[in-house]
Amino acid sequence: MQTRTIDTSRLRTHCWVAGPDDGEPLLLVHGNLTTGRFFRALAEALPPRFRIVAPDLRSFGGTEALGVDASRGLRDWSDDLRALLESLGWADQRTVHAAGWSMGGGILQQYEIDHPSDLATLTLLAPLSPFGFGGTRDSAGTPCYADFAGSGGGTAAPDFVRRLAARDASEAEPQSSPRVIMRSFFWSPRYKAPDEDELIAEVLLTHVGEEFYPGASTPSGNWPGVGPAPRGVNNALSPAWCNTSAFGEVQHPAPLLWIRGDEDAVVSDASMFDFGTLGRLGAVPGWPGEGVYPPQPMIAQTRSVFERRRGRGGSLREVVLHEVGHGPLIERPGEVARMMVEHIDAGR
């Protein structure tokens, strides 16, 4: 993949690109703490008929450092992508194939809600739940507490954030090491990334602060004592503002391929980054119990919303990859590429 910076009406966007200029448009949208570079293995496994554009999202990588208005949920990123597609001449033609990983999968849900005339097909890889990350208790996204305690910027471990800001690539003190966290959770620990040094270098480009990652926090009288604030990345994922359940009601929805790993420890019904799970395990004291704050049922929430698309004439294929963690695009790029091409061709 090559790199290119594209000026849009909203910000200067650093992109990773591949394929012929006149190829079929394929937009790849990365997740939290990563960049478009994480799609390289997948891009290399795809046939050369595609024009691939994988932007670094706002707050990440080489894109202009502008903050995130979390009170808009995922819409800052959705609007940025729309401005990018306008600059590329891809908007309003329903010819763009799009794939999103993790947070990027949530952003593409918001994108189709906002701009349903742009996307021809959708592939979502371990996508963010339509009800955001943290603080909800059932498949309908009911909050555990009215203030969405346990979600937002205050949920990030302070030592991890400090080392991320210092661009610390070492393995010292592994519990807070960005490298070890990446290695342990961005994909299955059984997978060894041959380009790990390049990938951690991309992670360490994350902009850190109250406007960026992870964002500010608000004290809460409810367990675990922190709630969301209206600025920054993790706050935009809080169910206080992040709700893409209307993705299930889109008229004439794009064909949808949902790929996830059976060993995903990030987006699951027992996420290791969710306070309900951590409380149940005894890792965070004072847990009020299953009846008050259970683990967020992320997969059940996602399936509930995705299934509603069928009633609107949308197609849905769910694929669970065995012995795969949160990074199907990294762990099984050839298999994911094959399924994406089959999905795109079936949607013609």
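The buried residues of helix H9 pack against H3, E6, E11 and E12, where contact means heavy atoms within 4.5 Å. This is a predicted model, in which local features need pLDDT of at least 70 and side-chain atom pairs count only at pLDDT 80 or more, while totals for chains, interfaces and linings use all residues. Residues are numbered from 1 along each chain as its sequence is written, and side-chain values use heavy atoms, with hydrogens and water left out. Helices (H or I, at least four residues) and strands (E, at least two) are DSSP runs, numbered from the N terminus.

**Helix H9**

- H9 covers residues 298-308, and Met298, Ile299, Gln301, Thr302, Val305 and Phe306 are buried in it; buried means under 20% relative accessible area, exposed over 50%, and partly exposed in between, with a 1.4 Å probe and protein chains only.
- Seen down the axis of H9, the buried residues fall within an arc of 160°, so they line one face of the helix; the arc is that of the directions from the helix axis to the C-beta atoms.
- An α-helix has 3.6 residues a turn, so residues three or four places apart point the same way.

**The sheet**

- Eight strands form an open sheet with mixed pairing, in the order E1-E2-E4-E3-E5-E6-E11-E12; two strands pair if DSSP finds at least two bridges between them.
- The edges are held by E1 (2-7) and E12 (316-321), each with a single partner strand, so one side of each has no neighbour in the sheet.
- From one strand to the next, the twist averages 20°; axes are lines fitted to C-alpha atoms, for helices over the stretch in contact, and angles run from 0 to 180 degrees between N-to-C directions.
- E3 (residues 24-29) and E4 (residues 50-55) run parallel and are joined by 4 bridges, with Pro25 opposite Arg51 in E4.
- Helix H2 (residues 75-88) packs on the sheet and touches E1, E2 (12-18), E3, E4 and E5 (96-101). The direction of H2 makes about 100° with that of E1.

**Strand E6 and its partners**

- In E6, 7 of its 7 residues are buried.
- E5 and E6 run parallel, joined by 6 bridges, and Val96 stands opposite Leu119 in E6.
- The chain passes from E5 through helix H3 (residues 103-114) to E6 in a right-handed β-α-β crossover; right-handed means that, with the strands pointing away from the viewer, the path from the first strand over the helix to the second runs clockwise.
- E6 also pairs in the parallel sense with E11 (residues 256-261), over 4 bridges, and Leu257 in E11 is the bridge partner of Thr123.

**Ser151**

- Ser151 lies in the loop between E6 (119-125) and helix H4 (158-165), and counts as buried at 0% relative accessibility.
- A polar contact of 2.8 Å joins the side chains of Ser151 and Ser238; such a contact is a pair of N or O atoms within 3.5 Å, where within protein one must be able to donate a hydrogen and the other to accept it, and residues adjacent in sequence count only if both atoms are side-chain atoms.
- The backbone oxygen of Phe148 lies 2.7 Å from a polar atom of the Ser151 side chain.
- Leaving aside neighbours within four places in sequence, Ser151 is in contact with residues including Phe133, Val226 and Pro239.

**Asn234**

- Asn234 lies in helix H7 (residues 233-236) and counts as buried at 10% relative accessibility.
- The side chains of Asn234 and Asn32 are joined by a polar contact of 3.1 Å.
- Not counting residues up to four places away in sequence, Asn234 touches several residues, among them Gly152, Gly153 and Tyr213.
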